[in-house]
Amino acid sequence: MSGLLQGKNVVIMGVANERSIAWGITKSLHNAGANLIFTNRQERSYQKLVKLLEKHDIEAELIVACDVASDESIQQAFSEIKEKVGTIHGLVHSVAFANREELKGEYANTSREGFLVAQEISAYSLVAVTKAAKEVMTEGGSIVTQTYLGAERVIPNYNVMGVAKASLEASVRYLAEDVGKYGIRVNAVSAGPIRTLSAKGVSGFNEKANVIVEKAPLRRNVDQDQVGDATLFFISELSRGVTGEVLHVDSGFHIIG
Ligand code: NDP
């Protein structure tokens, strides 16, 4: 796979630590030769990222702060990317957030505020960053986000995040239509459950992982590296005929009734 992304500049949003899905994606894109630009929200994530890059001997083209809750922060981040890197060819959106207390019990108990926060950070953020990224994707490009089966089916405790992911997946389709005329593609990877910092916030992670081993065609859970390689496919020209798509990287679990 080496060389597939040689000379391509790709922005990765959402590395919090070694377990982050975005870190699996980082390794896949790095191995394919991409120049990587990172965005972080928290200082803690920035520190972890710097250490990880050092440990794995990966050189970042640029690391910028970006809080997707703020239009100003997004604007600043992409202005800095434009100024220091110029054109970008890919964007990986691996960002989501919901209040922990909304990720258990009944969806019917979701608060207005909790609903809006989940939608803003987990779905609207893709719209906002697509708007900013298309200005720097002057040679066309590929945008990839991360979703989950809870968008399509009722998964216990996933609640408000499932509804936000449904909105995210619909946004993938609407955005794909908007930016297709500029040669930009928008797709999503729908991963099976992976133990990360965010996944810990949803009650009943073990049950979700166990049912994959029991029922999925491949009888095993997926990991960050498998999601990384599927994202590499979407970022690269191998998927040049694909846009508006949701690709399940879940050992086939979604086909089982
Ligand atoms: P992580 O906790 O490792 O990553 C979540 C990232 O979201 C963090 O880097 C965090 O940044 C970032 N983030 C949250 N709020 C903001 C904000 N306001 N502005 C900018 N960044 C923000 O968890 P995952 O790797 O699991 O999650 C990545 C994506 O994968 C999410 O969309 C998640 O829903 C999705 N996914 C996860 C699955 C799983 O089982 N783990 C399955 C399917 C999809 P910071 O740390 O700096 O706050």
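# A residue-by-residue tour

Select V227, which sits in helix α8 (residues 224-235). Helices (H or I, at least four residues) and strands (E, at least two) are DSSP runs, numbered from the N terminus. V227 is buried, at a relative accessible area of 0%. Here buried means under 20% relative accessible area, exposed means over 50%, and partly exposed is in between, with a 1.4 Å probe and protein chains only.

Two notes before moving on. This is a predicted model, where local features need pLDDT of at least 70, side-chain atom pairs count only at pLDDT 80 or more, and totals for chains, interfaces and linings use all residues. Residues are numbered from 1 along each chain as its sequence is written, and side-chain values use heavy atoms, with hydrogens and water left out.

Go to S236, in the loop between α8 and β7. S236 is buried, with a relative accessible area of 1%. A polar atom of the S236 side chain lies 3.1 Å from the backbone nitrogen of L238. A polar contact is a pair of N or O atoms within 3.5 Å; within protein, one must be able to donate a hydrogen and the other to accept it, and residues adjacent in sequence count only if both atoms are side-chain atoms.

L247 counts as partly exposed, at 30% relative accessibility.

**Strands β2 and β3**

Show residues 35-40 and 60-65 as cartoon. These are β2 and β3, paired in the parallel sense over 5 bridges. Pairing requires that DSSP find at least two bridges between the strands. Pick L36: its bridge partner in β3 is A60. Now trace the connection. From β2 the chain passes through helix α2 (residues 43-55) to β3, a right-handed β-α-β crossover. Right-handed means that, with the strands pointing away from the viewer, the path from the first strand over the helix to the second runs clockwise.

Stay on β2 and select N40, which lies in that strand. N40 is buried, with 5% relative accessible area. Its side chain reaches the backbone oxygen of V15 at 3.3 Å.

**Salt bridges**

Side chains of opposite charge can pair when their charged atoms come close. The rule here asks for a side-chain nitrogen of Lys or Arg within 4 Å of a carboxyl oxygen of Asp or Glu. The count comes to 4 salt bridges.

- Select E18 and K55. Their side chains meet at 3.2 Å, N to O. E18 is in the loop between β1 (9-13) and α1 (21-31) and K55 in helix α2, so the pair ties together parts 37 residues apart in sequence. E18 is partly exposed at 44%, and K55 is exposed at 59%.
- Select E80 and K84. The closest N and O atoms of this salt bridge are 2.9 Å apart. Both residues lie in helix α3 (residues 71-84), 4 residues apart, about one turn of the helix. E80 is partly exposed, at 26% relative accessible area.
- Select K134 and E135. This salt bridge spans 3.4 Å, N to O. K134 is partly exposed, at 28%.

**Loops**

Most residues other than glycine have a negative phi. Which loop holds N157? Look between β5 (141-147) and α5 (159-180). N157 has a positive phi of about 75° although it is not a glycine. N157 is buried, with a relative accessible area of 18%.

Next, R219. It sits in the loop between α7 (205-215) and α8. R219 is not a glycine, yet its phi is positive, about 55°.

Finish at E101, in the loop between β4 (90-93) and α4 (112-134). E101 is exposed, at 54% relative accessible area.
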